[in-house]
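Welcome! Here is a short briefing to read with the structure beside you.

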Amino acid sequence: MQNALLIGLSRQMTLERQMDVIANNVANANTNGFKADHSLFEEYLNSNAHEDNFVGSDRRVSYVQDRGTYRDVGQGPLEATNNPLDMAITGNAFFAVQANGAERYTRDGKFTLSSTGQLVTSDGNLVLGNSGPITFQPTDHDINVAPDGTVTVLEGTAKIDSIRGKIRMVTFDDPAKLAKLGANLYGAGSANQQADAKSTVQQGYIEKSNVNSVGEMSRMVEVMRSYTAIANLLQQQSDLHKSAIEKLADVPA
């Protein structure tokens with residue numbers, strides 16, 4: 001009976017972890033460029049049946065073990081904003097930004113201009129081009145971003161485009177290895193940068209979260225039901241244990 005209690009408890013612990021992951025996905029369903037996380041579990045076998053009359057596989061007890069999470073790096077839907085500073089990447093690349101003195105990466109292309117004319121994220125982090133931060137002049141207008149990330153403007157009364165830089169798009173061999181840093185930013189982690197000529201920038205769009213809200217809510221209900229079912233099973237095992245002790249106590253010495 002103790003093994004049954006331990007097995008049920010191991011499953012409840014993993015369900016709590018799964019609920020945390022689902023809740024975080026639901027909370028970020030409207031976060032630009034957010035990538036959903038999903039839980040991984042595995043079977044853990046342990047020999048806790050100590051009586052000698054248990055043979056073969058009957059001696060093994062199967063627990064549930066939290067193996068970790070994996071990230072869904074699939075493309076989120078694009079939403080048109082008609083804002084010339086909003087950008088979305090089609091492909092696997094990330095925008096490179098400067099945050100707290102270090103290079104970070106994001107899929108959130110909701111950009112704006114700082115008081116000094118530099119292109120920044122909604123949190124004020126500098127958006128990096130191939131030659132550093134992208135800076136506009138006070139007289140710049142008609143901002144245009146080409147699919148390859150080249151930023152051009154019309155300056156003053158000029159009728160010829162002036163280049164202000166090229167949006168730096170960074171691709172990794174395994175985006176799932178990127179480290180989440182919060183505030184919709186990633187660190188390189190153990191992932192390695194690699195060349196990518198396929199990703200393009202779409203001006204006037206932002207990438208929404210790739211979280212499937214309906215699917216996440218369904219999983220949340222499923223987890224809650226599983227947790228309740230296991231709690232009821234554990235209560236039944238506890239009642240059975242208590243009943244056995246009471247009956248043993250009534251046996252004459």
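A residue is called buried when its relative accessible area is under 20%, exposed when over 50%, and partly exposed in between (1.4 Å probe, protein chains only). By that rule asparagine 184 is buried, because its relative accessible area is 16%. Please keep in mind that this is a predicted model: local features need pLDDT of at least 70, side-chain atom pairs count only at pLDDT 80 or more, and totals for chains, interfaces and linings use all residues. Residues are numbered from 1 along each chain as its sequence is written, and side-chain values use heavy atoms, with hydrogens and water left out.

**The protein as a whole**

- The protein has 2 helices and 19 strands; these are DSSP runs numbered from the N terminus, with helices being H or I of at least four residues and strands being E of at least two.
- Of its 253 residues, 35% count as buried.
- The accessible surface comes to about 14,400 Å², and 51% of it belongs to carbon and sulfur atoms; such areas come from the Shrake-Rupley method with a 1.4 Å probe, and for residues only the protein chains shown count as cover.
- A contact means heavy atoms within 4.5 Å. Among contacts between residues at least 6 apart in sequence, 60% join residues at least 24 apart.

**The annotated stretch**

- An unreviewed UniProt entry carries the annotation "domain: Flagellar basal body rod protein N-terminal" for residues 5-35; UniProt positions are given in the numbering used here, feature names are shortened, and annotations may be inferred rather than shown by experiment.
- Over residues 5-35 the chain is 74% helix and 0% strand, with the end C-alpha atoms 36 Å apart.

**Cavity and pocket**

- On a 1 Å grid over the protein atoms alone, a cavity is a set of points where a 1.4 Å probe fits but cannot get out, while a pocket is an open set with protein on both sides within 12 Å along at least five of seven lines; lining residues have an atom within 4 Å of a point.
- Grid points are joined across faces, edges and corners, and a volume is the space filled by probe spheres set on the points.
- A search of the whole structure finds 1 cavity of 30 Å³ or more, and the largest cavity holds about 60 Å³ of space.
- Residues lining the largest cavity include Lys35, Phe94 and Arg107.
- The largest pocket has a volume of about 170 Å³, and its lining includes Ala93, Asp148, Thr171 and Gln194.

- Threonine 171 lies in strand S14 (residues 169-172) and counts as buried because its relative accessibility is 5%.
- Leaving aside neighbours within four places in sequence, threonine 171 is in contact with Asn92, Ala93, Asn192, Gln193, Gln194 and Asp196.
- Valine 153 sits in strand S12 (residues 150-155) and is buried, because its relative accessibility is 0%.
- Valine 153 and isoleucine 163 are 10 residues apart in sequence, with 6.5 Å between their C-alpha atoms.
- Not counting residues up to four places away in sequence, valine 153 touches several residues, among them Phe136, His141, Ile160 and Arg164.

**The loop between S15 and S16**

- Alanine 183 is in the loop between strand S15 (179-182) and strand S16 (185-187), and asparagine 184 is found in the loop between S15 and S16.
- Phi is near 55 degrees for alanine 183, a positive value in a residue other than glycine.
- For asparagine 184, phi is near 65 degrees, again positive in a residue other than glycine.
- Is alanine 183 buried or exposed? Alanine 183 counts as exposed, because its relative accessibility is 55%.
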